[in-house]
Amino acid sequence: MPVITADNLTKVFRVQQKEPGVLGAVKALFKPHHKEKTAVHDVSFSIEPGEIVGYIGVNGAGKSTTIKMLTGILQPTAGQIRVLGRDPHRERVANAQKIGVVFGQRTQLWWDLALIESLNMVARIYEVPPARYKELLAQFAETLDLGELLSVPIRSMSLGQKMRAELAATLIHEPEIVYLDEPTIGLDLLVKERIRAFIKEQNREKGTTIILTTHDLGDIEELCQRVMIIDSGKLIYDGPLAVIKDRFGKYREISFETAGSTSSRQTVSYNTLTPPAASEIVNHEDRRLVVRFDRTQTSASKVAAAIMNQIEVLDFSLAEPDLSMVVKQIYQGALQEDGASER
Ligand SMILES: Nc1ncnc2c1ncn2[C@@H]1O[C@H](COP(=O)(O)OP(=O)(O)OP(=O)(O)O)[C@@H](O)[C@H]1O
Ligand SMILES: [Mg+2]
(Lines give C-alpha, C1' and ligand atoms only; values in the text may rest on other atoms or scores of the structure.)
(Ligands and ions follow the chains in the order given, each with its own letter.)
Protein backbone atom coordinates (compact mmCIF):
# COMPACT_ATOMS: atom_id res chain seq x y z
CA MET A 1 0.00 0.00 0.00
CA PRO A 2 1.46 3.36 -0.99
CA VAL A 3 1.88 5.96 1.75
CA ILE A 4 1.56 8.82 -0.72
CA THR A 5 -0.45 9.01 -3.90
CA ALA A 6 -0.80 12.04 -6.12
CA ASP A 7 -3.26 11.91 -9.01
CA ASN A 8 -3.20 14.54 -11.72
CA LEU A 9 -1.90 17.13 -9.35
CA THR A 10 -1.95 20.68 -10.68
CA LYS A 11 -1.19 24.03 -9.08
CA VAL A 12 -1.92 27.30 -10.83
CA PHE A 13 -0.81 30.54 -9.21
CA ARG A 14 -2.52 33.80 -10.06
CA VAL A 15 0.08 36.51 -10.16
CA GLN A 16 -0.81 40.16 -10.36
CA GLN A 17 0.81 41.85 -13.34
CA LYS A 18 1.98 45.39 -12.86
CA GLU A 19 3.27 47.90 -15.34
CA PRO A 20 6.49 49.55 -14.25
CA GLY A 21 6.54 52.84 -12.33
CA VAL A 22 4.14 54.67 -10.08
CA LEU A 23 1.47 54.97 -12.74
CA GLY A 24 1.59 51.22 -13.24
CA ALA A 25 1.14 50.66 -9.51
CA VAL A 26 -1.85 53.03 -9.44
CA LYS A 27 -3.44 51.40 -12.49
CA ALA A 28 -2.99 47.96 -10.93
CA LEU A 29 -4.74 49.20 -7.82
CA PHE A 30 -7.89 50.10 -9.72
CA LYS A 31 -7.83 47.55 -12.44
CA PRO A 32 -5.78 44.56 -11.32
CA HIS A 33 -4.47 42.48 -14.15
CA HIS A 34 -3.74 38.84 -13.43
CA LYS A 35 -1.66 36.28 -15.17
CA GLU A 36 -1.77 32.58 -14.48
CA LYS A 37 1.30 30.52 -13.82
CA THR A 38 1.04 26.73 -13.82
CA ALA A 39 3.74 25.66 -11.36
CA VAL A 40 2.76 21.98 -11.29
CA HIS A 41 0.98 20.41 -14.23
CA ASP A 42 -0.89 17.10 -14.08
CA VAL A 43 1.62 15.25 -11.94
CA SER A 44 0.88 11.69 -10.77
CA PHE A 45 2.96 9.30 -8.70
CA SER A 46 2.80 6.98 -5.74
CA ILE A 47 5.33 6.29 -3.04
CA GLU A 48 5.67 3.11 -1.01
CA PRO A 49 6.63 3.02 2.69
CA GLY A 50 10.37 3.15 3.32
CA GLU A 51 11.31 4.66 -0.04
CA ILE A 52 13.81 7.51 -0.34
CA VAL A 53 12.78 9.45 -3.41
CA GLY A 54 14.90 12.20 -4.93
CA TYR A 55 12.87 14.98 -6.52
CA ILE A 56 14.97 17.00 -8.89
CA GLY A 57 14.67 19.72 -11.52
CA VAL A 58 16.05 23.15 -12.38
CA ASN A 59 15.17 26.31 -10.40
CA GLY A 60 11.49 27.09 -10.69
CA ALA A 61 10.58 23.62 -12.01
CA GLY A 62 7.89 23.12 -9.35
CA LYS A 63 9.59 21.04 -6.67
CA SER A 64 8.79 23.19 -3.64
CA THR A 65 5.24 23.75 -4.87
CA THR A 66 4.73 19.97 -5.03
CA ILE A 67 6.17 19.54 -1.53
CA LYS A 68 3.90 22.29 -0.19
CA MET A 69 0.86 20.52 -1.62
CA LEU A 70 1.96 17.15 -0.24
CA THR A 71 2.42 18.63 3.22
CA GLY A 72 -0.95 20.39 3.12
CA ILE A 73 0.45 23.94 3.15
CA LEU A 74 -0.96 24.63 -0.31
CA GLN A 75 -4.23 23.45 -1.75
CA PRO A 76 -3.98 21.92 -5.23
CA THR A 77 -5.86 23.69 -8.02
CA ALA A 78 -6.80 20.27 -9.40
CA GLY A 79 -6.06 16.66 -8.69
CA GLN A 80 -5.98 14.54 -5.57
CA ILE A 81 -3.47 13.73 -2.88
CA ARG A 82 -3.64 11.00 -0.29
CA VAL A 83 -1.05 10.86 2.46
CA LEU A 84 -1.50 7.85 4.77
CA GLY A 85 -5.09 7.77 3.59
CA ARG A 86 -5.80 11.42 4.30
CA ASP A 87 -6.22 14.61 2.34
CA PRO A 88 -3.25 16.57 3.69
CA HIS A 89 -4.84 19.97 3.18
CA ARG A 90 -8.28 19.25 4.56
CA GLU A 91 -6.94 17.15 7.43
CA ARG A 92 -3.91 19.22 8.22
CA VAL A 93 -3.79 18.62 11.95
CA ALA A 94 -4.07 14.85 11.73
CA ASN A 95 -1.58 14.86 8.86
CA ALA A 96 0.93 16.93 10.79
CA GLN A 97 1.21 14.25 13.48
CA LYS A 98 2.56 11.80 10.96
CA ILE A 99 4.92 13.92 8.91
CA GLY A 100 8.02 16.05 9.30
CA VAL A 101 9.10 18.89 7.02
CA VAL A 102 12.39 20.70 6.62
CA PHE A 103 12.81 23.68 4.33
CA GLY A 104 16.54 24.20 3.90
CA GLN A 105 16.13 27.91 3.32
CA ARG A 106 14.47 28.80 6.58
CA THR A 107 14.24 27.65 10.15
CA GLN A 108 11.09 26.63 11.95
CA LEU A 109 12.65 26.68 15.40
CA TRP A 110 12.23 29.28 18.11
CA TRP A 111 14.93 31.79 17.40
CA ASP A 112 15.76 32.72 20.98
CA LEU A 113 15.47 29.35 22.66
CA ALA A 114 18.39 27.06 23.27
CA LEU A 115 18.17 23.95 21.11
CA ILE A 116 17.35 21.69 24.06
CA GLU A 117 14.44 23.93 25.05
CA SER A 118 13.14 23.86 21.49
CA LEU A 119 13.39 20.08 21.43
CA ASN A 120 11.61 19.82 24.79
CA MET A 121 8.80 21.96 23.41
CA VAL A 122 8.46 19.93 20.23
CA ALA A 123 8.47 16.68 22.22
CA ARG A 124 5.69 18.02 24.46
CA ILE A 125 3.60 19.29 21.54
CA TYR A 126 3.78 15.91 19.83
CA GLU A 127 3.38 14.03 23.11
CA VAL A 128 6.53 11.96 22.72
CA PRO A 129 6.71 9.65 25.77
CA PRO A 130 9.51 10.93 28.08
CA ALA A 131 11.49 7.67 28.06
CA ARG A 132 11.36 7.50 24.27
CA TYR A 133 12.31 11.18 24.05
CA LYS A 134 15.39 10.53 26.14
CA GLU A 135 16.46 7.66 23.93
CA LEU A 136 15.96 9.63 20.74
CA LEU A 137 17.77 12.64 22.11
CA ALA A 138 20.82 10.51 22.89
CA GLN A 139 20.68 8.90 19.46
CA PHE A 140 20.28 12.19 17.58
CA ALA A 141 22.95 13.92 19.64
CA GLU A 142 25.32 11.21 18.56
CA THR A 143 24.54 10.99 14.81
CA LEU A 144 24.07 14.71 14.33
CA ASP A 145 26.85 15.66 16.72
CA LEU A 146 24.60 17.93 18.75
CA GLY A 147 26.41 17.65 22.09
CA GLU A 148 27.72 21.16 22.43
CA LEU A 149 24.85 22.72 20.49
CA LEU A 150 22.10 21.75 22.92
CA SER A 151 22.62 24.82 25.08
CA VAL A 152 23.06 27.22 22.15
CA PRO A 153 20.18 29.44 21.00
CA ILE A 154 19.23 28.93 17.34
CA ARG A 155 19.94 32.56 16.51
CA SER A 156 23.62 32.19 17.21
CA MET A 157 24.10 28.98 15.25
CA SER A 158 25.91 28.68 11.94
CA LEU A 159 23.99 27.44 8.91
CA GLY A 160 25.27 23.87 9.29
CA GLN A 161 24.50 23.82 13.00
CA LYS A 162 21.01 25.18 12.38
CA MET A 163 20.29 22.50 9.81
CA ARG A 164 21.37 19.73 12.18
CA ALA A 165 19.19 21.26 14.89
CA GLU A 166 16.30 21.51 12.46
CA LEU A 167 16.57 17.85 11.49
CA ALA A 168 16.59 16.76 15.11
CA ALA A 169 13.49 18.83 15.88
CA THR A 170 11.69 17.55 12.78
CA LEU A 171 12.33 13.90 13.51
CA ILE A 172 11.92 13.82 17.29
CA HIS A 173 8.26 12.77 16.98
CA GLU A 174 9.30 9.93 14.64
CA PRO A 175 7.18 10.92 11.67
CA GLU A 176 6.37 8.21 9.14
CA ILE A 177 7.04 10.55 6.22
CA VAL A 178 9.69 13.25 6.05
CA TYR A 179 9.86 15.92 3.37
CA LEU A 180 13.24 17.55 2.98
CA ASP A 181 13.37 20.57 0.68
CA GLU A 182 17.05 21.19 -0.01
CA PRO A 183 18.36 20.05 3.37
CA THR A 184 22.01 20.36 2.37
CA ILE A 185 21.93 23.74 0.63
CA GLY A 186 24.97 25.85 1.44
CA LEU A 187 26.55 23.28 3.75
CA ASP A 188 30.14 22.10 3.76
CA LEU A 189 31.00 18.56 2.78
CA LEU A 190 31.41 17.24 6.33
CA VAL A 191 28.03 18.53 7.47
CA LYS A 192 26.46 17.16 4.27
CA GLU A 193 27.94 13.76 5.04
CA ARG A 194 26.61 13.86 8.58
CA ILE A 195 23.15 14.79 7.41
CA ARG A 196 23.12 12.09 4.76
CA ALA A 197 24.22 9.52 7.34
CA PHE A 198 21.42 10.64 9.64
CA ILE A 199 18.79 10.41 6.91
CA LYS A 200 20.00 6.94 5.96
CA GLU A 201 19.95 5.80 9.56
CA GLN A 202 16.39 7.00 10.14
CA ASN A 203 15.26 5.33 6.94
CA ARG A 204 17.00 2.06 7.72
CA GLU A 205 16.07 1.77 11.37
CA LYS A 206 12.52 3.08 11.33
CA GLY A 207 11.49 2.62 7.72
CA THR A 208 10.85 6.36 7.45
CA THR A 209 9.69 7.37 3.97
CA ILE A 210 11.71 10.29 2.65
CA ILE A 211 11.05 12.75 -0.16
CA LEU A 212 14.06 14.85 -0.87
CA THR A 213 14.50 17.80 -3.20
CA THR A 214 18.02 18.86 -3.89
CA HIS A 215 20.38 20.40 -6.40
CA ASP A 216 23.21 18.37 -4.92
CA LEU A 217 23.52 15.22 -6.96
CA GLY A 218 25.76 13.80 -4.25
CA ASP A 219 22.65 13.63 -2.05
CA ILE A 220 20.87 11.68 -4.76
CA GLU A 221 23.75 9.29 -5.42
CA GLU A 222 24.19 8.65 -1.75
CA LEU A 223 20.55 8.29 -0.70
CA CYS A 224 18.10 7.56 -3.48
CA GLN A 225 17.34 4.55 -5.59
CA ARG A 226 14.44 6.30 -7.20
CA VAL A 227 14.31 9.75 -8.75
CA MET A 228 11.52 11.88 -10.09
CA ILE A 229 12.45 14.68 -12.45
CA ILE A 230 10.19 17.66 -12.91
CA ASP A 231 10.57 20.12 -15.73
CA SER A 232 8.36 23.21 -16.15
CA GLY A 233 5.80 21.66 -13.83
CA LYS A 234 5.64 18.33 -15.64
CA LEU A 235 6.99 15.05 -14.39
CA ILE A 236 9.35 13.92 -17.13
CA TYR A 237 10.90 10.94 -15.41
CA ASP A 238 10.00 8.66 -12.54
CA GLY A 239 12.08 5.56 -12.08
CA PRO A 240 15.29 4.01 -10.85
CA LEU A 241 18.41 6.14 -10.72
CA ALA A 242 20.31 3.30 -12.38
CA VAL A 243 18.09 3.42 -15.47
CA ILE A 244 18.65 7.09 -16.30
CA LYS A 245 22.31 6.71 -15.62
CA ASP A 246 22.44 3.82 -17.96
CA ARG A 247 20.29 5.31 -20.65
CA PHE A 248 21.71 8.81 -20.65
CA GLY A 249 25.25 8.21 -19.65
CA LYS A 250 26.22 8.41 -23.30
CA TYR A 251 29.88 8.86 -22.56
CA ARG A 252 31.85 6.48 -20.40
CA GLU A 253 35.44 6.56 -19.36
CA ILE A 254 38.07 3.84 -19.09
CA SER A 255 41.24 4.39 -17.08
CA PHE A 256 44.32 2.39 -18.04
CA GLU A 257 47.31 1.78 -15.89
CA THR A 258 50.15 1.44 -18.35
CA ALA A 259 53.56 -0.18 -18.07
CA GLY A 260 55.42 2.50 -19.95
CA SER A 261 55.70 6.14 -19.27
CA THR A 262 56.00 9.05 -21.63
CA SER A 263 58.89 10.54 -19.75
CA SER A 264 61.04 7.42 -19.70
CA ARG A 265 62.73 5.72 -22.65
CA GLN A 266 59.85 3.24 -22.64
CA THR A 267 57.81 1.95 -25.55
CA VAL A 268 54.96 4.11 -26.87
CA SER A 269 54.52 7.78 -26.28
CA TYR A 270 50.91 8.67 -25.48
CA ASN A 271 51.19 11.44 -28.02
CA THR A 272 51.49 9.04 -30.88
CA LEU A 273 48.67 6.88 -29.59
CA THR A 274 45.73 6.67 -31.98
CA PRO A 275 42.43 6.92 -30.12
CA PRO A 276 40.06 4.09 -31.06
CA ALA A 277 36.93 4.95 -33.09
CA ALA A 278 34.32 7.10 -31.30
CA SER A 279 36.66 7.84 -28.44
CA GLU A 280 39.09 10.47 -27.28
CA ILE A 281 41.95 10.66 -24.85
CA VAL A 282 40.86 12.97 -22.09
CA ASN A 283 43.82 12.69 -19.80
CA HIS A 284 47.22 11.18 -19.77
CA GLU A 285 49.91 11.35 -17.19
CA ASP A 286 52.66 9.11 -15.99
CA ARG A 287 51.39 5.53 -16.24
CA ARG A 288 47.77 6.57 -16.44
CA LEU A 289 45.60 7.08 -19.46
CA VAL A 290 41.93 8.01 -19.50
CA VAL A 291 39.87 7.40 -22.62
CA ARG A 292 36.28 8.61 -23.03
CA PHE A 293 34.05 6.84 -25.51
CA ASP A 294 30.57 7.17 -26.88
CA ARG A 295 28.85 4.00 -25.79
CA THR A 296 26.16 4.31 -28.44
CA GLN A 297 28.83 3.87 -31.09
CA THR A 298 31.41 1.58 -29.59
CA SER A 299 31.93 -0.58 -26.53
CA ALA A 300 34.30 -0.72 -23.60
CA SER A 301 35.82 -3.95 -24.82
CA LYS A 302 36.53 -2.56 -28.32
CA VAL A 303 38.17 0.52 -26.85
CA ALA A 304 40.20 -1.52 -24.39
CA ALA A 305 41.34 -3.92 -27.11
CA ALA A 306 42.40 -1.06 -29.41
CA ILE A 307 44.42 0.58 -26.66
CA MET A 308 46.03 -2.66 -25.57
CA ASN A 309 47.12 -3.25 -29.15
CA GLN A 310 49.19 -0.11 -28.97
CA ILE A 311 50.61 -0.01 -25.47
CA GLU A 312 51.26 -2.37 -22.63
CA VAL A 313 48.46 -2.18 -20.10
CA LEU A 314 48.76 -3.48 -16.54
CA ASP A 315 45.22 -2.81 -15.45
CA PHE A 316 42.13 -0.91 -16.48
CA SER A 317 38.79 0.07 -15.03
CA LEU A 318 35.52 1.40 -16.32
CA ALA A 319 34.27 4.47 -14.44
CA GLU A 320 30.64 4.79 -13.36
CA PRO A 321 28.73 7.27 -15.53
CA ASP A 322 28.89 10.70 -14.00
CA LEU A 323 25.45 11.65 -12.69
CA SER A 324 25.99 15.37 -13.14
CA MET A 325 26.62 14.87 -16.86
CA VAL A 326 23.57 12.67 -17.15
CA VAL A 327 21.30 15.13 -15.38
CA LYS A 328 22.58 18.02 -17.45
CA GLN A 329 21.69 16.11 -20.57
CA ILE A 330 18.21 15.42 -19.24
CA TYR A 331 17.61 19.01 -18.17
CA GLN A 332 18.66 20.04 -21.65
CA GLY A 333 15.90 17.95 -23.15
CA ALA A 334 17.42 14.55 -23.79
CA LEU A 335 14.32 12.83 -22.45
CA GLN A 336 11.99 14.55 -24.88
CA GLU A 337 14.23 13.71 -27.82
CA ASP A 338 14.42 10.18 -26.62
CA GLY A 339 10.64 10.20 -26.52
CA ALA A 340 10.44 7.81 -23.63
CA SER A 341 9.59 8.69 -20.08
CA GLU A 342 9.28 5.92 -17.54
CA ARG A 343 5.81 6.84 -16.38
N1 LIG B 1 3.27 31.76 -4.15
C2 LIG B 1 3.55 31.84 -5.46
N3 LIG B 1 2.93 32.75 -6.24
C4 LIG B 1 3.20 32.81 -7.57
N5 LIG B 1 4.07 32.01 -8.21
C6 LIG B 1 4.73 31.10 -7.49
C7 LIG B 1 4.51 30.96 -6.08
N8 LIG B 1 5.30 29.96 -5.61
C9 LIG B 1 5.99 29.52 -6.68
N10 LIG B 1 5.65 30.18 -7.81
C11 LIG B 1 6.17 29.94 -9.16
O12 LIG B 1 5.97 28.59 -9.48
C13 LIG B 1 7.10 28.04 -10.17
C14 LIG B 1 7.65 26.85 -9.39
O15 LIG B 1 8.24 27.30 -8.18
P16 LIG B 1 8.87 26.31 -7.10
O17 LIG B 1 9.23 27.11 -5.92
O18 LIG B 1 7.95 25.16 -6.91
O19 LIG B 1 10.18 25.82 -7.86
P20 LIG B 1 11.37 24.88 -7.36
O21 LIG B 1 11.43 23.73 -8.31
O22 LIG B 1 11.22 24.60 -5.92
O23 LIG B 1 12.64 25.81 -7.63
P24 LIG B 1 14.00 26.01 -6.78
O25 LIG B 1 14.93 24.94 -7.27
O26 LIG B 1 14.46 27.36 -7.25
O27 LIG B 1 13.68 25.94 -5.34
C28 LIG B 1 8.07 29.20 -10.32
O29 LIG B 1 7.91 29.77 -11.59
C30 LIG B 1 7.66 30.17 -9.24
O31 LIG B 1 7.95 31.48 -9.60
MG1 LIG C 1 12.34 25.10 -4.22
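Domain bounds, as used here, come from an automatic or database domain assignment. For this protein, that assignment gives domain 1, covering 4-245, and domain 2, covering 250-320. The model under discussion is a predicted one. Between the C-alpha centres of domain 1 and domain 2 there is a distance of 45 Å.

The overall dimensions may be considered next. Along the principal axes, the C-alpha trace of the protein spans about 75 × 55 × 50 Å. The radius of gyration is 25 Å, whereas a compact globule of 343 residues would have a value near 20 Å. In secondary structure, the protein contains 12 helices and 13 strands.

Several pairs of helices pack against one another. Helix H4, formed by residues 115-125, packs with helix H6, formed by residues 159-171, at an angle of about 20°, and their axes are 9 Å apart. Angles under 35 degrees count as roughly parallel, and H4 is therefore roughly parallel to H6. The crossing in which H4 passes H6 is right-handed. On the H4 side, Leu-115, Ser-118, Leu-119 and Val-122 take part, and they meet Ala-165, Ala-168 and Ala-169 in H6. Sorted by class, this contact of H4 with H6 has six nonpolar residues, one polar residue and no charged residues.

The axes of H6 and helix H7, which comprises residues 189-206, come within 10 Å and cross at roughly 10°. H6 and H7 are therefore roughly parallel to each other as well. Here Gly-160, Met-163, Arg-164, Leu-167 and Leu-171 in H6 meet Val-191, Arg-194, Ile-195, Phe-198 and Gln-202 in H7. The residues of this contact of H6 with H7 divide into six nonpolar, two polar and two charged.

What is the angle at which helix H9 and helix H11 pack? Helix H9 (residues 241-248) and helix H11 (residues 323-331) pack at about 80°, with their axes 9 Å apart. Because of this angle, H9 is roughly perpendicular to H11. Ile-244, Lys-245 and Phe-248 of H9 make the contact together with Leu-323, Val-326, Gln-329 and Ile-330 of H11. By class, the contact of H9 with H11 has five nonpolar residues, one polar residue and one charged residue.

In review, H6 is roughly parallel to H4 and roughly parallel to H7, while H9 is roughly perpendicular to H11.

Definitions and conventions:
Residues are numbered from 1 along each chain as its sequence is written. Chains are lettered from A and ligands numbered from 1 in the order in which they are written. This is a predicted model: local features need pLDDT of at least 70, side-chain atom pairs count only at pLDDT 80 or more; totals for chains, interfaces and linings use all residues. Axes are lines fitted to C-alpha atoms, for helices over the stretch in contact, and angles run from 0 to 180 degrees between N-to-C directions. Helices (H or I, at least four residues) and strands (E, at least two) are DSSP runs, numbered from the N terminus. Angles under 35 degrees count as roughly parallel, over 145 as roughly antiparallel, 65 to 115 as roughly perpendicular and the rest as oblique. A crossing is left-handed if the near helix is turned anticlockwise from the far one by less than a right angle, and right-handed if clockwise. Two residues are in contact if their C-beta atoms, placed from the backbone, lie within 7 Å. Ala, Val, Leu, Ile, Met, Phe, Trp, Tyr, Cys and Pro count as nonpolar, Asp, Glu, Lys and Arg as charged, and the others, Gly among them, as polar. The radius of gyration is taken over C-alpha atoms; the globule rule is 2.2 Å times the number of residues to the power 0.38.
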